[in-house]
Amino acid sequence: MNETTREKVYSEAEIADRLEKELPKWHYENGWIRRKYKTHSWKSTLMVINTVGHLAEAAWHHPDITASYAWVEVRLMNHAAKGITDKDFELAKKIEEVVQWQPAREGGALEGTPPTDQRFAYIKYD
């Protein structure tokens, strides 16, 4: 984006409407769109952080991340635009798609992590 192009910054009402329709597990708070992912362990937490990091770097749009043993919070805001823009919604959708992916539900060859064996527990899916 060149310096003369301005990205649309969404109002709080527009953000709430888009989140409700497109990203119902995300919410708007203190200028950020946010999502907390619950995990089963520190290993899972690190895997989520690395996944979000990869997607953010590929998109060249970087979230703030807070983590603890069994959760990761992702916060998005376009710092240059000083608000929530399409970049935030698009990256949030990609993060949601990848982190919440459950191959077994697709019915293909990939079975996903065993849901009944806690040794392999990963994400606490919504």
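This is a predicted model: local features need pLDDT of at least 70, side-chain atom pairs count only at pLDDT 80 or more; totals for chains, interfaces and linings use all residues.
**Ground rules**

Residue numbers start from 1 along each chain as its sequence is written, and side-chain values use heavy atoms, with hydrogens and water left out.

**Entry: helix 1**

I took helices and strands as DSSP runs numbered from the N terminus (helices are H or I with at least four residues, strands are E with at least two). For burial I used relative accessible area: under 20% is buried, over 50% is exposed, and partly exposed is in between (1.4 Å probe, protein chains only).

Which residues of helix 1 are buried? I found I15, R18 and L19 in the run 12-22. They sit on the same side of helix 1, because they cover an arc of only 100 degrees around the axis; the arc is taken from the directions from the helix axis to the C-beta atoms. Looking at the other side, I found A13, E20 and K21 exposed.

I then checked what the buried residues of helix 1 pack against, and got strand 1 (27-29), strand 2 (32-38) and helix 3 (86-99). Contact here means heavy atoms within 4.5 Å.

**Entry: helix 1 against helix 3**

I looked up the geometry of this pair: the angle is about 20 degrees and the axes are 12 Å apart. The axes are lines fitted to C-alpha atoms, for helices over the stretch in contact, and angles run from 0 to 180 degrees between N-to-C directions. Helix 1 and helix 3 are therefore roughly parallel to each other. The cut-offs I used are under 35 degrees for roughly parallel, over 145 for roughly antiparallel, 65 to 115 for roughly perpendicular, and oblique for the rest.

The crossing of helix 1 and helix 3 is right-handed. At the contact, I15, R18, L19 and E22 in helix 1 meet D86, F89 and K93 in helix 3.

**Entry: helix 2 against helix 3**

From helix 2, V48, T51, V52, L55, A56 and A59 meet L91, K94, I95, V98 and V99 in helix 3.

**Entry: salt bridges**

My rule was a side-chain nitrogen of Lys or Arg within 4 Å of a carboxyl oxygen of Asp or Glu. How many salt bridges does that give? The count is 13.

D86 is partly exposed at 33% relative accessible area, while R18 is buried at 16%.

R35 and D126 make another salt bridge, at 2.3 Å between the closest N and O atoms. R35 lies in strand 2 and D126 in the segment after helix 3, so the pair ties together parts that are 91 residues apart in sequence. R35 is buried at 3%, whereas D126 is partly exposed at 48%.

Then a local pair: E97 and K94 meet at 3.4 Å, N to O. They are 3 residues apart in helix 3, which means a separation of about one helical turn. E97 is partly exposed at 49%, and K94 is partly exposed at 35%. I also traced one network, in which salt bridges that share partners join R18, E22, D86 and K93.

**Entry: positive phi**

Most residues other than glycine have a negative phi, so I went after exceptions. W60 has phi near 55 degrees; this residue is in the loop between helix 2 (42-59) and strand 3 (64-68) and is exposed at 61%. K82 has phi near 60 degrees, lies in the loop between strand 4 (71-76) and helix 3, and is exposed at 71%.

**Entry: R6**

Last, I checked R6, in the segment before helix 1. R6 is exposed at 67%. R6 and A80 are 74 residues apart in sequence, with 9.7 Å between their C-alpha atoms.

Notes: A crossing is left-handed if the near helix is turned anticlockwise from the far one by less than a right angle, and right-handed if clockwise.
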